[in-house]
Amino acid sequence: MSPPRPTICLVLAMFVATCGPGDPPADDTSPGTTSTTVATTVTTTSETTTTTELPTSSSTSSTSTSASDSCVTFDPNSCGESIVTIDISPALFVFALEKSVSMVSDPKGLWDHDADDLDDDGQSDLDPQQPATPKTTRWASLHHAVDATLTSFDASLITGLSLFPSDAATLDYTPAACPVDDPLTVPLAAKNSISILAALPPADATDLKGASPGAAAIAVATAELAAADPAFTRHIVYVSDGAANCRAGSDPPDLFEKFDDSLLDQIAAATAQEITTHVVGIAIPDLVSPAVKDGEPDSVNNHDLLNQLATLGGAPLPGPDQFHAATRESDLLAALDAIARASLSCVVTLDPPPQFPDTTEINVNDIHYGRAKVTDCASEDGWHFLDDGVTAELCGLACRDFQQAGTLDANYRCHDTPC
């Protein structure tokens, strides 16, 4: 239902009028990639009218206040100053995270998380007289990166979790090492960071169990996202430290010692439903694995496989590493941060449109970026209008703040003409 039109007060004194509320907002529109639904509160000197509409996929609120102390010459259209709050168009993410025994086992599951001992001699590369920092598990680093990312973007992303294998996995050389939660370990929801972090094993866990049923995790994530609102972009973040195994219908030793190529089909199926899969690899060597009975696929090049997955997923990187290749903890954090930011647009529609675009100002996360001044979005902080005077693009720090805060305030100002 469209909000009722707010009351407009106009007071004339001789030939001069003070500012009063301006044109009421247009009817709410359906959300797109950048537009939002608006709820408004208009305050005048005599009364307050409030209208609110709950959005189906994104929400925006607006608060209009009476005019500022400075006045303007009389305009037949009146002059209304207001603050319109605009929410970001969120993205949907399922984090498909490997938590197999290989993420914590000694020595494979340990790594030089801060890359201070690249020659692995136990001494710091920066100061050979000092010992290197102790190695940590790959799981600890992944936990830290996921924690930081979810906390940073909690206001902007709708997130869910698929752990593979699930907590029910065992260390047995049987299918009991391959379970995956269906439905998701944590279902999709807004502001879901607390629930997801609570479902993760702690960062210092050393007792993870099971193999790498990546294909099953992708299948569950795809089913959840396919049922979600297609107005939002939909993504899977697949994080693994090796090749998937646990192919459905296989028996040991093939269950563990052969690559589960159904993972390729699952990612292709997700892409066909406009779900992008971002591939992140932890300490992936560019070499062929040995043919030994070790619970991991034999005679495969994990680097080549993850490149193939990234291409099928629809978001390959340029260069020899088409997946996000992490060789230290900071790489993991940078990869997840980049994936999240690439999914969140900094182009917004000012709805309702400002009566005076040239005096419109924008605040993001309590930082005042003022009026549209940016001429080079690639190198400047702030914002500018695109061609229509209604669509704004945030740049630099303003964009980064908007992506994390999930909201901005557009201040609709009167013209600067004095009385």
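In β20, His384 has Glu393 as its bridge partner. This pair belongs to the four bridges that join strand β19 (residues 382-385) to β20 in an antiparallel arrangement; two strands are taken to pair if DSSP finds at least two bridges between them. Helices (H or I, at least four residues) and strands (E, at least two) are DSSP runs, numbered from the N terminus. The structure is a predicted model, in which local features need pLDDT of at least 70 and side-chain atom pairs count only at pLDDT 80 or more, while totals for chains, interfaces and linings use all residues. Residues are numbered from 1 along each chain as its sequence is written, and side-chain values use heavy atoms, with hydrogens and water left out.

The hairpin of β19 and β20 has five residues between the strands, and Gly389 in this hairpin takes a positive phi near 75°. Strand β20 also pairs with β16, in the antiparallel sense and over three bridges. Here Thr349 stands opposite Thr391 of β20. Strand β20 (residues 391-395) is largely enclosed by the rest of the structure, because four of its five residues are buried. Buried means under 20% relative accessible area, exposed means over 50%, and partly exposed lies in between (1.4 Å probe, protein chains only).

Parallel pairing is found around strand β14. This strand (residues 275-282) is mostly covered, with seven of its eight residues buried. Strand β13 (residues 234-240) runs parallel to β14 and is joined to it by seven bridges; Tyr238 has its bridge partner, Val279, in β14. Strand β15 (residues 324-326) is likewise parallel to β14, and three bridges connect the two. Within this pairing, Gly281 has Ala325 of β15 as its bridge partner. From β14 the chain passes through helix α6 (residues 302-313) to β15, forming a right-handed β-α-β crossover. A crossover is right-handed if, with the strands pointing away from the viewer, the path from the first strand over the helix to the second runs clockwise. In the loop between β14 and α6 lies Ser299, whose phi is near 55°, a positive value in a residue other than glycine.

The buried residues of α1 include Arg138, Trp139, His143 and Leu150. Ser141 is located in this helix and counts as buried because its relative accessibility is 0%. Ser141 and Asp204 are 63 residues apart in sequence, and their C-alpha atoms are 9.6 Å apart in space.

Several features fall in loops. Leu184 is placed between β11 (157-164) and β12 (186-190), and its 6% relative accessibility means that it counts as buried. Leu184 and Val220, 36 residues apart in sequence, are separated by 6.5 Å in space, C-alpha to C-alpha. The loop between β11 and β12 also holds Pro165, which is joined to Phe164 by a cis peptide bond with omega about -5°. A cis peptide bond also joins Asp351 and Pro352, with omega about 5°; Pro352 is in the loop between β16 (347-349) and β17 (361-364). Lys191 lies in the loop between β12 and α2 (193-199). The phi of Lys191 is near 45°, a positive value in a residue other than glycine, and Lys191 is exposed, with a relative accessible area of 63%.

The largest pocket contains about 600 Å³ of space. A pocket is an open set of points on a 1 Å grid over the protein atoms alone, where a 1.4 Å probe fits and protein lies on both sides within 12 Å along at least five of seven lines; lining residues have an atom within 4 Å of a point. The lining comprises 31 residues, of which Ser102, Lys108, Asp294, Gly295 and Glu296 lie nearest the centre of the pocket. By class, 13 lining residues are nonpolar, eleven are polar and seven are charged. Ala, Val, Leu, Ile, Met, Phe, Trp, Tyr, Cys and Pro count as nonpolar, Asp, Glu, Lys and Arg as charged, and the others, Gly among them, as polar.

Terms used: Grid points are joined across faces, edges and corners, and a volume is the space filled by probe spheres set on the points.
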